[in-house]
Every structure is written in C-alpha cells, then in structure tokens.
Amino acid sequence: MKRVNKFRLRPTKEQEKVLFSLCEMSSVLWNKLNYIRRQLFFEGWFDWKEGVDELYNEFKRILGSATAQQIIRKNNEAWRSFFSLLRLKNQGKLPSHIRKVSPPRYWKDRLLSKRKLMTVIRNDCYRIEEVGGKKWLFLPKGLKIRITGEFKWRGKQGRLEIFYDLTGRWYAVC
C-alpha cells in the first residue's frame, strides 16, 4: 500500500482550460495505446513495443515528453498487473476477493460515455510550495495553481496524478 497526499486544485478559468486540454490529450494517449494492446492481446499475442514509439513521438509535442512517458509507464504497469493476475488465476492462486480478471480499461466513464479527464506528471516536473499560508502547485507550461489540503505524509516526492471527478472538482494525488 502506498501512502498518498490528496489535494484539491483551485484553478482559475484560464488554468482550467489548460488542465482540460492536458487531461483530454492524456486520455487520448492512454486510450490509443490501450486499444493497440487490447487488440494484440485478443488476437493471441502481445508486444510491449507495438505502437509505443509512434504514439510517444505524436504526443510528446502536445503533452511534453515527460508526461507522455509517464502515461505510457502507467499503462505498462496496468498491463503487468493484469498479466500477473492472469498467471495467478491459471495457477489457481488468485485471491478470493478477486472474482474476474480483465485487461486494463479505457479512460472512459461508461455511464456518461465521456473520457475520464486525468493525467500523470513525473516527480521532477512539479513542485508544491507554501507561500504566505497558501499552497501552490507548480506544473510544466508555467502553470501555478492554488491547492488546498494538508500534507499527511512526508518523504520522497512521487509522480503526481491529476484528475477531474464527477462533481466537477479537480484533485491531485502525489
């Protein structure tokens, strides 16, 4: 289990537009990569490198190379986890609380038929600072967004995941 800090982002209208764009394109990258991998898996074979270089080169100009890299890494982790669970299922050692093993899903809300808005920022590409009693999140592309919430855990800074929830609020988990 990882310990995480969760913050609420308080973007301005202009910052929110940039966040929407960043998260939308991050979802597109995840979904395209996941589509390629799901098709290969259901055809009966799997290649970790299939389509990765093309998608990385396409999206590094839009998202930045570090963000595109992190989304690809997160997708790799999801697929590794799936294959691990599949192996346990075939050995008959699947934990009792897991009933079904399925490939990683798309970043899409099935009820609303819209993409889930989220992105992943590498640990050296952001910082959180407290200035005058207010906390600020500094992101690539010159974004400086006010955040609220308390640090529950200290230590090495991990990757940052930003997402937009169904209530219309932005959150960051690191």
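A pocket is an open set of grid points with protein on both sides within 12 Å along at least five of seven lines. In this predicted model, the largest pocket holds about 530 Å³ of space. Its lining is made up of 18 residues. Arg 3, Lys 156, Gln 157, Gly 158 and Cys 174 lie nearest the pocket centre. By class, the pocket lining has seven nonpolar, four polar and seven charged residues.

A search of the whole structure finds one cavity of 30 Å³ or more. The volume of the largest cavity is about 70 Å³. Val 18, Leu 22, Leu 63 and Thr 67 contribute to its lining, as do Ile 121, Leu 139, Pro 140, Lys 141 and Leu 143. Seven residues of this cavity lining are nonpolar, one is polar and one is charged. Lys 141 is in the cavity lining and counts as charged. Thr 67, also in the lining, counts as polar.

Packed helices are described by the angle and the distance between their axes. Helix H2 spans residues 52-63, and helix H3 spans residues 65-91. The H2 and H3 axes come within 7 Å and cross at roughly 140 degrees. H2 is therefore oblique to H3. The crossing of H2 and H3 is right-handed. On the H2 side, the contact is made by Val 52, Tyr 56, Phe 59, Lys 60 and Leu 63. On the H3 side, Ser 65, Thr 67, Ala 68, Gln 69, Ile 71 and Ile 72 take part. The H2–H3 contact divides into seven nonpolar, three polar and one charged residue. Leu 63 of H2 and Thr 67 of H3 belong to this contact, and both residues also line the largest cavity.

Helix H1, residues 13-43, also packs against H3. The axes of H1 and H3 come within 10 Å and cross at roughly 35 degrees. This crossing, too, is right-handed. H1 supplies Ser 26, Leu 29, Trp 30, Leu 33, Asn 34, Arg 37, Arg 38 and Phe 41 to the contact. The H3 residues that meet them include Lys 74, Asn 75, Asn 76, Ala 78, Trp 79, Phe 82, Phe 83 and Leu 86. Thr 67, Ala 68, Ile 71 and Ile 72 of H3 also meet H1, and these four residues take part in the contact with H2 as well. The H1–H3 contact has 12 nonpolar, five polar and three charged residues.

Methods:
Residues are numbered from 1 along each chain as its sequence is written. This is a predicted model: local features need pLDDT of at least 70, side-chain atom pairs count only at pLDDT 80 or more; totals for chains, interfaces and linings use all residues. Side-chain values use heavy atoms; hydrogens and water are left out. On a 1 Å grid over the protein atoms alone, a cavity is a set of points where a 1.4 Å probe fits but cannot get out, and a pocket is an open set with protein on both sides within 12 Å along at least five of seven lines; lining residues have an atom within 4 Å of a point. Grid points are joined across faces, edges and corners, and a volume is the space filled by probe spheres set on the points. Axes are lines fitted to C-alpha atoms, for helices over the stretch in contact, and angles run from 0 to 180 degrees between N-to-C directions. Helices (H or I, at least four residues) and strands (E, at least two) are DSSP runs, numbered from the N terminus. Angles under 35 degrees count as roughly parallel, over 145 as roughly antiparallel, 65 to 115 as roughly perpendicular and the rest as oblique. A crossing is left-handed if the near helix is turned anticlockwise from the far one by less than a right angle, and right-handed if clockwise. Contact means heavy atoms within 4.5 Å.
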